[in-house]
Amino acid sequence: MDSRSINLRGFAGSAGKNIMQGIGGFVFGNEASESKEDSYVERFLDRISNGTMPDDRRSAMTELQSLVAESRSAQMSFGAMGFPVLLNVLKEDREDVELVRGALETLVSALTPIETSQGLKTEVQPASMNSDLLSRETDNISLLLSLLTEEDFYVRYYTIQLLTALLTNSLKRLQEAILLIPRGITVLMDMLMDREVIRNEALLLLTYLTRDAEEIQKIVVFEGAFEKLFSIIGEEGFSDGGVVVQQDCLELLNNLIRNNASNQMLLKETMGFDPLISILKIRRGSAFNFTQQKTVNLLGALHTVELLLMGGPPGETGKDTSKITNQTALAQRNILDHLLLLGVESQWAPVALRCTALRCIGSLVLRNPQNLDSLASKQVGEEPHVQPALNAILAIILRTSVAQEFVAADYVFKCFCETNPNGQALLASTIAPHPSQGTATHGASSDMPFGSALLQALVSSDVNGDMEACCRASSVLTHIIKDNLQCKDRVCSLATFHCLNFTCTK
């Protein structure tokens, strides 16, 4: 027996047993010396460590994996004495691919929680403790990353599953370790070019790793993340793609640009915003094409737009510059047309989608003179039913039965009127009675000027007048007259005229 085997045997047989008994008794309240599973774990580890017949070592590994996958007690025992044995297999037995596969699968099982109907919810989970043990040493993470370069598919697959399992309980520690390992992130990025199953696991892993980790975000972007992500999104069918587009690609993309002005600039300068806008493209009149997955994909892309329109971190110097730059670049790619189609024209689209698109419209034009002018001149609908975009958004405010949609549409007018006296004056100039006002139904008519529709909702004398529409119209009017003396005077003069007219008719 060589010295390596003696050392491993000694750890598993003495100190490891003591740790297992102490921790197991504390967690599970079991003060018995060993359970049947504990003795099995030790026996399997001994055969793996000291066996001389390859087939017997592989058989022991298979039995150990099955036991650890099914028993929390076995998981606890394995954590106390199994890591040195299996990590040594990964170091010294690379030529035995089947044994390495088994070792990795066993490690994944040791880090996967086993749900039970018994026991307190506050109990320490063996899988959590095992994650902590494995992630303590940077060398262990380095060893796992080195396995990602192996030719065998299952070795790479189980390795990336193991790294993902580690993230569940040891995110910060794994983030710190990967930053210390030369080319650690590069190896993970290479997995995006692997077979689809591994690629998807790598996307999930990178999504976890990039959360609130600016240094990792920068390296991932430097390694070509934007190009690879949009390439995958295109291959998957843009918004018609599956969960890979939403849960993996778009979530990772949003992690990379959230409150990160430098990464936003890199996206604009390297890929541009055309690939993002391609996700938002839908066919006009596609009433029955909003499947649940397509809706979630579109919401993810709209969230990306929202992050770009927020710019850098709050309070950071240059945040406004980043936001304005993104507003301009997105508008130049005609994103407003796509947002209006999603938020205003597609009234058959899910409410969450319409509301998010409306919020994006508001953020796109906020304090941006060029974009404000563009929105003011936009027409929506198809001939012969074409109307100004602002009229259509007012109609949503007056007619919608969904409170969230009113709030989102009202936000558009808030953003349109903020520090935009010319826009306020434009809207105020249309406030006048319409010849058909006496017979029109409540709400905005497509052939009625903006101000006439607003005034109708405000001053309707119908005994069945819609008070809620009046309150909503009042909110829009507040935005029009805010900090604008000229608009206030016009509204006051109209109010005086209307009151006199109302008195005379009585």
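This is a predicted model: local features need pLDDT of at least 70, side-chain atom pairs count only at pLDDT 80 or more; totals for chains, interfaces and linings use all residues.
## Helix H22 and its cover

A residue counts as buried here when its relative accessible area is under 20%. The buried members of H22 are Ala389, Leu390, Asn391, Ala392, Ile393, Leu394, Ala395, Ile396, Ile397 and Leu398. That is 10 of the 11 residues in H22, so the helix is mostly covered.

## How H22 meets H26

Two packed helices are described by the angle between their axes and the distance between the axes. For H22 (residues 389-399) and H26 (residues 467-481), the axes come within 8 Å and cross at roughly 140°. H22 is therefore oblique to H26.

Which residues make the contact? On the H22 side they are Leu394, Ile397, Leu398 and Arg399, and on the H26 side Ala469, Arg472, Ala473 and Val476. Sorted by class, the contact has six nonpolar and two charged residues, with no polar ones.

## Helix H23 and its surroundings

Next comes H23, which covers residues 403-417. Its 15 residues reach 21 Å from the first C-alpha to the last, close to the 21 Å expected at 1.5 Å a residue. Just after H23, Thr419 takes a positive phi of about 50°.

The buried residues of H23 are Glu405, Phe406, Ala408, Ala409, Asp410, Val412, Phe413, Cys415, Phe416 and Cys417. What covers them? The cover includes H22 and H26, along with helix H20 (351-365), helix H21 (369-377), helix H24 (421-428) and helix H25 (450-459).

## Cysteines

How many disulfides does the model have? The count comes to zero, taking a disulfide as a pair of cysteine sulfur atoms within 2.5 Å. Cys417 is in no disulfide, and its nearest cysteine sulfur, that of Cys487, is 8.1 Å away.

Are Cys417 and Cys360 buried or exposed? Cys417 is buried because its relative accessible area is 4%. Cys360 counts as buried too, because its relative accessibility is 0%.

## Met81 in helix H4

One more stop, in another helix: Met81 belongs to H4, which runs over residues 72-81. Met81 has a relative accessible area of 0%, so this residue is buried. How far is Met81 from Val41 in sequence and in space? The two are 40 residues apart in sequence and 8.9 Å apart in space, C-alpha to C-alpha.

Technical notes. Residues are numbered from 1 along each chain as its sequence is written. Side-chain values use heavy atoms; hydrogens and water are left out. Helices (H or I, at least four residues) and strands (E, at least two) are DSSP runs, numbered from the N terminus. Buried means under 20% relative accessible area, exposed over 50%, partly exposed in between (1.4 Å probe, protein chains only). Axes are lines fitted to C-alpha atoms, for helices over the stretch in contact, and angles run from 0 to 180 degrees between N-to-C directions. Angles under 35 degrees count as roughly parallel, over 145 as roughly antiparallel, 65 to 115 as roughly perpendicular and the rest as oblique. Contact means heavy atoms within 4.5 Å. Ala, Val, Leu, Ile, Met, Phe, Trp, Tyr, Cys and Pro count as nonpolar, Asp, Glu, Lys and Arg as charged, and the others, Gly among them, as polar. The expected span of a helix is 1.5 Å times one less than its number of residues.
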